[in-house]
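Thanks, everyone. I have one structure to go through today, so please have the sequence and the model open while I talk.

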Amino acid sequence: MVDRERRLRPGGRAVRLTDAGTTVITRMGLLDRVREAALKPGRGVALVDTFGRITASTPPTDYDALDVPHGDLVRILQQATAPKVTYILGDGIADLEQDAGGVTATFGKAAPRRFDLVVGADGPHSPVRSLVAGPGAEMAGAHFQPAGLHWATFTAVEEINLDGWSQIHHAPGLTAMAREGRGPGEVKVALCFRTRSLSFDPHDNAGHHDLLAERFAKVRWQVPYLLRAMRAAPDFRFASLGRVRLDRWSYGRVVLLGDAAHCPSPLKHAGTDLAVAGAYVLAGELAAADHRSAYTGYEHFLRPHAELAQRQPPGGVASLVPTTALGVHLRTAVMRWTRYGPVRDLIAARDARGSQIPLPDYNLPGRGLRAAAA
Ligand SMILES: Cc1cc2nc3c(=O)[nH]c(=O)nc-3n(C[C@H](O)[C@H](O)[C@H](O)COP(=O)(O)OP(=O)(O)OC[C@H]3O[C@@H](n4cnc5c(N)ncnc54)[C@H](O)[C@@H]3O)c2cc1C
């Protein structure tokens with residue numbers, strides 16, 4: 001397993017495990033540890049005005065969902081797999097050469113190695129995807145379709161009283177969100193804004209801080225505190241969000257997994273469920289058959305679920321980041337309306353449909369394949 005991060009950092013953005021993801025975690029015997037790492041569900045979501053007054057609120061639609069800091073979930077999975085998996089951190093795959101008998105992987109730093117199979121699980125801008133599906137595929141264009149949404153996440157330690165709510169403050173074209181983290185005074189923050197196109201260096205955090213400070217300079221509520229905390233946050237991350245659409249997920253002995261293959265709509269919170277469920281199905285199929293049949297079985301099973309998660313929910317990106325003052329009022333009105341019984345049930349049923357993936361039971365011995373994953 002190779003990852004460009006030099007060390008696995010705890011914390012980070014909260015990612016959501018619902019039906020499918022929780023089933024896999026349970027089958028791995030890790031549910032208690034993941035539950036321990038999860039954030040408290042809280043009272044639900046509240047929209048707040050400039051003065052922090054709640055203008056609309058809704059209770060959680062899925063009480064069983066687990067929102068877990070990304071780094072903590074990665075740590076739990078890494079600890080569970082460490083006895084059988086070699087982790088190479090601070091490196092990446094630079095080239096792949098396939099022949100009938102296997103794949104030779106060239107790394108940025110480590111010596112080249114030969115594998116039976118390679119799994120590209122390196123996120124929505126997957127470099128492995130660009131090696132197998134063609135140059136330029138890792139950024140906008142061929143496979144990555146930007147949503148026109150830029151998103152920063154970080155953990156702040158600030159004395160902000162959220163009173164148990166995930167609070168959201170909208171200004172036209174800008175959204176700030178904060179919810180309680182696990183540690184004392186800890187707040188998980190997301191700042192998003194809309195823009196048609198924006199070129200930025202993905203590694204330049206100081207540049208991202210300046211950009212966000214400029215965009216959010218006139219926004220009040222708790223934003224001035226959050227902007228200050230942002231610069232000191234160790235888990236700050238900034239990304240352009242979008243969807244990945246591919247007409248196939250495997251290329252010879254190389255297969256794509258998770259966001260690299262099918263990054264869903266950023267409004268669906270389904271990426272982690274799909275990535276975990278996909279890893280489970282891929283492993284199960286590989287234990288049962290040769291890689292060609294296994295890759296076909298994996299894609300055949302998962303693709304309909306991935307495509308469902310790629311559909312934008314009603315209102316699209318504007319439901320998360322309204323661009324006008326009228327849009328902000330409409331969003332508030334819609335949330336007031338959705339707190340009532342039947343509408344809330346409909347939303348809960350719609351959300352559950354995407355995450356209900358009837359996972360097969362694989363009860364097969366492994367076949368001792370040598371596989372590289374990035
Ligand atoms: C800003 C942001 C906010 C999000 N918010 C939510 C949310 O609220 N709820 C939710 O459920 N999901 C959220 N997601 C989506 C969620 O994080 C993903 O869907 C999920 O993590 C998919 O898992 P993955 O393993 O496919 O990709 P990732 O978790 O992205 O993992 C990819 C891995 O590949 C590594 N990598 C990348 N490039 C290279 C390279 N060149 N060489 C080597 N390694 C590389 C990365 O370091 C990383 O460890 C968010 C994503 C982003 C970017």
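Let me start with strand β13, which is mostly covered, 6 of its 7 residues being buried. This is a predicted model, so please take everything I say as a reading of that prediction.

Which strands does β13 pair with? On the β12 side, 5 bridges join β13, residues 174–180, to β12, residues 165–171, and the two run antiparallel.

Ala 178 has Val 189 in β14 as its bridge partner. Here the hairpin has 5 residues between the strands, and Gly 185 is the residue with a positive phi, near 70°. One reminder while we are on strands: in a regular strand, side chains alternate between the two faces of the sheet.

Now the sheet as a whole. It is an open sheet of 7 strands with mixed pairing, and the order is β4-β3-β12-β13-β14-β11-β15. At the edges are β4, residues 54–58, and β15, residues 237–244, each of which pairs on one side only. From one strand to the next, the twist averages 25°. Helix α6, residues 223–230, packs on this sheet, where it touches β11 (144–157), β13 and β14 (186–194). The direction of α6 makes about 85° with that of β11.

Next, the helices α8 and α9. The axes of α8, residues 271–288, and α9, residues 291–310, come within 8 Å and cross at roughly 160°. The two helices are therefore roughly antiparallel to each other. Their crossing is right-handed. On the α8 side the contact is made by Leu 274, Gly 278, Val 281, Leu 282, Glu 285 and Leu 286. On the α9 side the contributors include His 291, Tyr 295, Tyr 298, Phe 301 and Leu 302. By class, the contact of α8 with α9 has 11 nonpolar, 4 polar and 1 charged residues.

Last, a single residue. Ser 250 is found in strand β16, residues 250–251. Is Ser 250 buried or exposed? It is buried: its relative accessible area is 18%, and the cut-off for buried is under 20%. Leaving aside neighbours within four places in sequence, Ser 250 is in contact with Val 255, Tyr 295 and Glu 299. Tyr 295 has come up already, among the α9 residues that make the contact with α8.

That is what I had; I will stop there.

Key
Residues are numbered from 1 along each chain as its sequence is written. This is a predicted model: local features need pLDDT of at least 70, side-chain atom pairs count only at pLDDT 80 or more; totals for chains, interfaces and linings use all residues. Side-chain values use heavy atoms; hydrogens and water are left out. Two strands pair if DSSP finds at least two bridges between them. Helices (H or I, at least four residues) and strands (E, at least two) are DSSP runs, numbered from the N terminus. Axes are lines fitted to C-alpha atoms, for helices over the stretch in contact, and angles run from 0 to 180 degrees between N-to-C directions. Contact means heavy atoms within 4.5 Å. Angles under 35 degrees count as roughly parallel, over 145 as roughly antiparallel, 65 to 115 as roughly perpendicular and the rest as oblique. A crossing is left-handed if the near helix is turned anticlockwise from the far one by less than a right angle, and right-handed if clockwise. Ala, Val, Leu, Ile, Met, Phe, Trp, Tyr, Cys and Pro count as nonpolar, Asp, Glu, Lys and Arg as charged, and the others, Gly among them, as polar. Buried means under 20% relative accessible area, exposed over 50%, partly exposed in between (1.4 Å probe, protein chains only).
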